[in-house]
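Subject: Structure handover

Hello,

Here is the structure I promised to pass on. My notes follow below it.

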Amino acid sequence: MNISIIDKDILLTIQSFGFVNQRKLMEQSGYSIGSVNKSINSLIEEGMLDQDNKLTKKGRDYIEERSPKNAVILAAGYGMRMVPINTETPKGLLTVDGVPLIERTIEHLHQVGIKDITMIVGFMMEQYDYLVDKYDINMIYNNDYASKNNLHSLALAADRLDRTYIVPCDIWSENNPFSEKEVYSWYMVSDVLDEDSWIRVNRKAELVKVVDEKKRDDLDKIGNRMIGISYVCGEETEILKNMLLEMDKNPLNDESFWEDAAFRKDRMYLNAKVVDHTKTTEVNTYEQLRELDSESRNLENDAIRVAAEELGVNVSGIKNITVLKKGMTNRSFLFTCKDDKYIMRIPGEGTSKLIDRHMEADVYDAIKGKGICDDNVYLNADNGYKITKFIDNSRNCDPLDQGDIEMCMKKLRDFHDMKLSVPHTFDIFAHIDYYEKLWNGASSVYRDYQDTKEKVLSLKDYIDGQDISMGLAHIDSVPDNFMIIEKSEAAGKNMKKDHIKIQLIDWEYAGMQDRYVDLAMFSIYSMYDKDHVDNLIDTYFAVGGQKTDEDIRTRIYVYISMCGLLWSNWCEYKRGLGVDFGEYSLRQYRYAKDYYKLAKERM
């Protein structure tokens with residue numbers, strides 16, 4: 001059987017409205033009179049229509065064999081772009097006109113007879129539980145939602161794909177986007193372009209991947225805004241199932257979207273369904289929710305309220321909210337207010353057990369006015385909320401660029417030489433034990449953990465025997481916390497040093513400690529090998545006009561071992577909260593073991 005997409009649309013239109021005449025069919029289908037006539041002839045030839053342009057049994061069976069049976073709703077992810085709302089409510093439960101998005105979707109499915117609905121849940125899964133009783137839906141729990149993207153979620157439901165709607169949980173549609181009858185597989189995109197999209201409709205009405213962002217030079221290479229609703233039937237169902245299961249086996253696909261499994265090379269094997277952007281949209285951000293429903297109760301967010309109060313505006317004055325990269329400890333978002341840009345920090349999962357915000361406040365008091373970093377606009381020592389001015393023309397330190405390393409080590413050394421003090425100490429060994437206690441009796445994922453821990457703790461005698469001058473140390477002195485600010489309009493790493501300012505930011509772990517702990521921290525976060533570690537140490541001494549002290553090099557090796565176990569234990573605690581740091585976590589454990597050996601050899 002060889003019928004085109006247009007033929008299938010015409011067949012479905014006749015099934016829905018009946019046949020009056022070609023011109024009426026043209027109005028109903030949206031196709032030209034020439035396309036309508038061509039399709040009618042094709043459908044008659046295939047036996048789908050009779051000579052009176054009415055559906056035959058073959059035509060009716062063709063539609064029934066491809067029409068919807070069930071739906072799968074994807075609701076496992078964090079919805080990171082919804083910061084700060086996603087700290088309180090999962091995206092699917094955001095309300096528009098008083099109705100949660102997920103309930104509106106389920107009601108739309110019910111209206112077209114789809115009652116067999118499966119939801120994949122993960123983040124804040126408990127908040128979705130009531131839907132099981134209210135709508136008699138099925139739930140699949142994705143325990144890997146923190147470390148894997150929605151390709152894994154859909155792979156968990158691969159056996160349920162059979163004439164199936166696949167639906168994101170965060171869709172708002174003015175009209176019902178589903179139908180009782182479908183005749184082919186499709187993927188929904190908007191009629192507006194979006195620079196963040198990686199799928200576009202080409203001139204042949206196919207869905208293709210956009211070219212590399214750096215090579216985009218015209219609108220044709222910007223994607224259509226992705227809605228994400230799709231329908232799979234026929235041979236595409238088996239293709240998608242097999243691709244999902246095969247790709248899910250490979251850890252390299254942990255960050256992949258399920259749409260990646262719907263491509264053959266650069267073309268999607270699902271047809272394009274383009275819809276009016278004012279009628280159907282994916283609610284990805286606070287701003288989009290506010291545009292849809294300025295009265296949504298989810299807009300009454302504590303972080304937004306605090307920002308508005310501190311900056312002297314109504315909540316509507318907090319604009320252009322954009323999520324920043326999820327940090328290892330916090331979530332942060334960028335926003336504008338009165339033409340200025342700000343960053344607001346919101347503590348992440350379990351942070352209250354890791355950070356004493358009152359101690360952090362003491363640190364900011366100690367460094368205030370010292371030229372180390374800009375003063376905070378707002379800091380709440382009780383809940384950890386922090387607002388700072390956004391730094392324009394800035395970038396993070398590149399730990400593989402020697403010029404950056406020299407500038408940042410000079411900044412670090414100048415800070416150390418101030419010999420500032422605060423009332424508290426960052427005790428590495430105490431924190432190793434404390435983070436382990438936060439596992440609540442769970443065993444380490446590492447089989448030789450106890451042996452590794454005993455070896456690292458044995459290094460305490462060596463440290464206690466050193467002549468150490470304690471001062472305020474940053475502790476979290478990682479490349480991402482060195483901000484390189486370009487003072488002129490010139491850009492790039494070749495800028496003269498007198499046109500560059502360095503700020504050292506994010507002081508929540510800071511406390512009294514040996515200054516050389518900061519070099520260990522920089523090294524292990526950068527995942528340096530030994531040559532890079534040694535270069536960092538040599539550079540730190542060189543910017544101070546000194547030759548490297550080899551005894552201190554040994555001491556830094558000891559700190560790398562200690563700090564490796566410290567952050568490995570920290571990662572194990574965060575893993576228990578559903579936050580997995582992948583290779584970073586494993587590398588920290590390796591530092592604990594490898595640098596124990598190196599340090600013992602030098603001792």
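Predicted model: local features only at pLDDT ≥ 70, side-chain atom pairs only at ≥ 80, totals over all residues.

How are α14 and α18 oriented to each other?

Residues are numbered from 1 along each chain as its sequence is written, and side-chain values use heavy atoms, with hydrogens and water left out.

**Overview**

The protein has 19 helices and 25 strands. Helices (H or I, at least four residues) and strands (E, at least two) are DSSP runs, numbered from the N terminus. The C-alpha trace spans about 100 × 55 × 45 Å along its principal axes. Of the 603 residues, 53% are buried. Buried means under 20% relative accessible area, exposed over 50%, and partly exposed in between (1.4 Å probe, protein chains only). Among contacts with a separation of 6 or more, 72% join residues 24 or more positions apart. Contact means heavy atoms within 4.5 Å.

**α14 and α18**

Now the opening question. Helix α14 covers residues 449–457. Its axis and that of α18 come within 10 Å and cross at roughly 140 degrees. Axes are lines fitted to C-alpha atoms, for helices over the stretch in contact, and angles run from 0 to 180 degrees between N-to-C directions. α14 and α18 are therefore oblique to each other. For the cut-offs: angles under 35 degrees count as roughly parallel, over 145 as roughly antiparallel, 65 to 115 as roughly perpendicular, and the rest as oblique.

α14 passes α18 in a left-handed crossing. A crossing is left-handed if the near helix is turned anticlockwise from the far one by less than a right angle, and right-handed if clockwise. Tyr449, Lys453 and Val456 of α14 make the contact with Ser561, Met562, Leu565 and Asn569 of α18. By class, that contact has four nonpolar, two polar and one charged residues. Here Ala, Val, Leu, Ile, Met, Phe, Trp, Tyr, Cys and Pro count as nonpolar, Asp, Glu, Lys and Arg as charged, and the others, Gly among them, as polar.

**The cores**

The largest nonpolar core has 82 residues. A nonpolar core is a set of buried Ala, Val, Leu, Ile, Met, Phe, Trp, Tyr and Cys residues joined through side-chain atoms within 4.5 Å. The residues with the most contacts inside this core are Met409, Ile428, Leu472, Phe482, Trp507, Met562 and Trp567. Helix α18 (residues 550–576) gives the most to this core, with 14 residues. Leaving aside neighbours within four places in sequence, Met562 is in contact with Ile428, Phe429, Ile432, Val456, Leu459 and Ile463. There is also a second, separate core of 46 residues. Ile106, Met119, Tyr165 and Ile227 are included in that second core.

**Around α16**

Helix α12 (residues 402–418) packs with helix α16 (residues 517–525) at an angle of about 150 degrees, their axes 11 Å apart. That makes α12 roughly antiparallel to α16. The crossing is right-handed. On the α12 side, Met409, Leu412, Phe415 and His416 meet Asp518, Leu519 and Phe522 of α16. Those contact residues divide into five nonpolar, one polar and one charged.

α16 also packs with α17, at an angle of about 145 degrees and with the axes 10 Å apart. This crossing, too, is right-handed. Leu519, Phe522 and Ser523 of α16 meet Val533, Leu536, Ile537 and Tyr540 of α17. The classes here are six nonpolar, one polar and no charged.

**Two serines**

Ser523 lies in helix α16. Ser523 is buried, with a relative accessible area of 1%. Not counting residues up to four places away in sequence, Ser523 touches Tyr528, Val533, Leu536, Ile560 and Tyr591.

Ser526 sits in the loop between α16 and α17 (530–542). At 17% relative accessibility, Ser526 counts as buried. With residues up to four places away in sequence not counted, Ser526 touches Pro399 and Pro479.

**Backbone points**

Most residues other than glycine have a negative phi. Ala205 has a positive phi, near 65 degrees. Its loop runs between β9 (199–201) and β10 (207–209). Asn393 also has a positive phi, near 50 degrees. Asn393 is in the loop between β20 (386–389) and β21 (394–396).

Best wishes
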